[in-house]
Amino acid sequence: MFILSEDSQRTQGRDAQSSNIMAGKAVAESVRTTLGPRGMDKMLVDSGGEVVITNDGATILNEMDIEHPAAQMIVEVADSQEEEVGDGTTTAAVIAGNLLGEAEDLIEQDVHATTIVEGYHEAAEIALEAIAEQVSEETVDDDVLKQVAESSMTGKGTGGLTAESLAETVVEAIRHVELEDGVARDNVTVHTQIGASSNATELVPGIVIDEEPAHDGMPDAVEDASIAVLDVELGVRTGEIDAEYAIDSIDQLNTALDAEESEVRGYAEQVAESGADVVFTTEDVDDRVSTYLAGEGVLVFESIGDSDAKDIVSATGATRVGALEDLEEADFGQADRISSENFGDDDLAFIEGGAAAETVTVFVRGGTEHVVDELERAIGDALDVVATALESGEVVPGAGATEIAIADKIREEAAGIEGRKQLAVTAFADALDVVPRTLAANTGRDPIDALVDLRAAHESEGRAGLITSGEDVTIDDPFDYGVIDPADVKREAIESATEAATMIVRIDDVIAAE
Ligand code: ADP
Ligand code: MG
């Protein structure tokens, strides 16, 4: 009896397990060389010839166009890591891959999948305890936050800028949007603009949008602006222009044109009389209206995007108005300054010092598209880790030190675990060694030697990482070198990697429709 369609493919038992594990491992392996300050970049070219150069784990995995369902689960590990904490995506993927590798060995030794799953979950619990023990007792102040930002950016393509100066901008941005109970991370945006060196990257106390004034004669800047945000077309509606007029004399034509003229003029006057200095509308503005408003010294931006309109509303406190006759002063938003600036082919509008919300924009400059794109990703990660560290107040040593400490604690506790599960728990510790091993390999050191040295230093000193500074690689306390990661980044990496690896290991039957 056939219950599946003839075209469907089915793999069962060990074959299914090992093909899934292999696929998962292969994906994790693909990002391994990008880990850490000496990690290399990848260049990804899509079928349309579009090129992305990046060091970011989640970006690489997403650009890779991965089809295998088990491999796709590793991509999801990186994605959820990115979403939850914004950094540690390579770490999480690499750990997941190694958990799978260890599981493969265990399966070969006839350890049952459910035993592996139980052991891994138990080990993950111990790992979380170990992370808690690694949390620094120092308060997370600006200096610590800068180090956290810098640690997340070293090794990224930050153009001519040092991670140090960028870290300062990042911390300033997050401090700007700090609330009494947390951080309004969404109030920090990153806007990229090519055409200058990355040194010109700066913090704008407000928002930046890609728009130009509706008319050349409008002011370049308005101070203390009263801002109207409209969803109104300022002109004769396009539909009406197309309507057929039954005109059979010149007089009638002139009357029709006069009517249109006065309608248009009416819009312009209504706007001018409302008292708004700056107008943003999501619809079109007739040239005659913008000419008139330019004469009145009003700055108008037309056909702005819906999301830009939302950002302006939340920054300035304006109320969006859908009909001109409803516009009144109470609907106006306020900002210290609204200006328009030209950057080569692009015109940007800066809305600074909005009255409603403390929004800030990291205005990223760079020579080329590739540079600003990678800079944007690096800054995005740094903003996330600083927000995470500030919110939880918990940071741990980086440079592999936390992973060494976790593995050590798991091995210690494994001794008290009975039966084959002990093998799985120990295997989890072995899988974590991949982080220091990879950091070592990516700096050109022998991974085995480095691991031995690190463990010895951890044993004697308590905290030991493989620190890269300039050309030097030292085994020492990462806190002394400012190599610091948020505790939540490590927690999330352990949790999401464990989840994906155990899910893959448990599968023993793959049924695929053609
Ligand atoms: P991920 O995508 O996992 O964040 P990264 O390439 O950003 O990958 O590398 C992060 C790892 O690099 C962390 O373990 C972090 O502690 C480590 N790291 C950061 N700066 C240094 C440094 N100066 N020396 C050694 N390790 C570092
Ligand atoms: Mg990182």
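Here are figure legends for a set of close-up views of this predicted model.

**Figure 1. The whole chain, before we zoom in.** Let's start with the big picture: the protein chain has 514 residues, and 49% of them count as buried. Its secondary structure comes to 17 helices and 20 strands. If you draw a box around the C-alpha atoms along the principal axes, you get roughly 100 × 70 × 40 Å.

**Figure 2. Ligand 1 in its pocket.** Where does ligand 1 sit? You'll find ligand 1 in the largest pocket. Two elements each give two or more residues to the shell around ligand 1: helix H4 (89-108) and strand S17 (465-469). Altogether, 22 residues surround the ligand, and the closest are Asp-87, Thr-90, Thr-91, Ala-399 and Asp-485. Sort that shell by class and you get seven nonpolar, eleven polar and four charged residues.

Figure 3. Now look at single atoms. One oxygen atom of ligand 1 is 2.8 Å from an N or O atom in the side chain of Asp-87. A nitrogen atom of the ligand is 3.2 Å from an N or O atom in the side chain of Thr-154. With Thr-468, the backbone is involved instead: a polar backbone atom there is 2.9 Å from a nitrogen atom of ligand 1. How much of ligand 1 does the protein bury? Taken alone, the ligand exposes 580 Å², and the protein buries 96% of that.

**Figure 4. Asp-224, a strand residue with a positive phi.** Asp-224 belongs to strand S9, which covers residues 221-230. Check its backbone: phi is near 45 degrees, a positive value in a residue other than glycine. Why does that deserve a close-up? Most residues other than glycine have a negative phi. Is Asp-224 buried or exposed? Asp-224 has a relative accessible area of 59%, so the residue counts as exposed, the cut-off being over 50%.

**Figure 5. Ser-303, a loop residue with a positive phi.** Here we're in the loop between strand S11 (299-301) and helix H11 (306-316), which is where Ser-303 is placed. The phi of Ser-303 is near 50 degrees, again a positive value in a residue other than glycine. With a relative accessible area of 34%, Ser-303 is partly exposed.

**Figure 6. Val-204, a buried strand residue.** Val-204 is part of strand S7, residues 202-204. Its relative accessibility is 4%, so Val-204 counts as buried, a label that applies under 20%. How far is Val-204 from Tyr-292? These two are 88 residues apart along the chain, and 31 Å separates their C-alpha atoms.

**Figure 7. Gln-12, in strand S1.** Gln-12 sits in strand S1, made of residues 9-12. At 47% relative accessibility, Gln-12 counts as partly exposed.

Figure 8. Why does Ile-448 count as exposed? Its relative accessibility is 54%, and the label goes to residues over 50%. Ile-448 and Arg-437 are eleven residues apart in sequence, and their C-alpha atoms are 7.1 Å apart in space.

Technical notes: Residues are numbered from 1 along each chain as its sequence is written. Chains are lettered from A and ligands numbered from 1 in the order in which they are written. This is a predicted model: local features need pLDDT of at least 70, side-chain atom pairs count only at pLDDT 80 or more; totals for chains, interfaces and linings use all residues. Side-chain values use heavy atoms; hydrogens and water are left out. A residue is near a molecule or strand if one of its heavy atoms lies within 4 Å of it. A polar contact is a pair of N or O atoms within 3.5 Å; within protein, one must be able to donate a hydrogen and the other to accept it, and residues adjacent in sequence count only if both atoms are side-chain atoms. Accessible areas come from the Shrake-Rupley method with a 1.4 Å probe; for residues, only the protein chains shown count as cover. On a 1 Å grid over the protein atoms alone, a cavity is a set of points where a 1.4 Å probe fits but cannot get out, and a pocket is an open set with protein on both sides within 12 Å along at least five of seven lines; lining residues have an atom within 4 Å of a point. A molecule sits in a cavity or pocket if more than half of its atoms lie within 2 Å of its grid points. Helices (H or I, at least four residues) and strands (E, at least two) are DSSP runs, numbered from the N terminus. Ala, Val, Leu, Ile, Met, Phe, Trp, Tyr, Cys and Pro count as nonpolar, Asp, Glu, Lys and Arg as charged, and the others, Gly among them, as polar. Buried means under 20% relative accessible area, exposed over 50%, partly exposed in between (1.4 Å probe, protein chains only).
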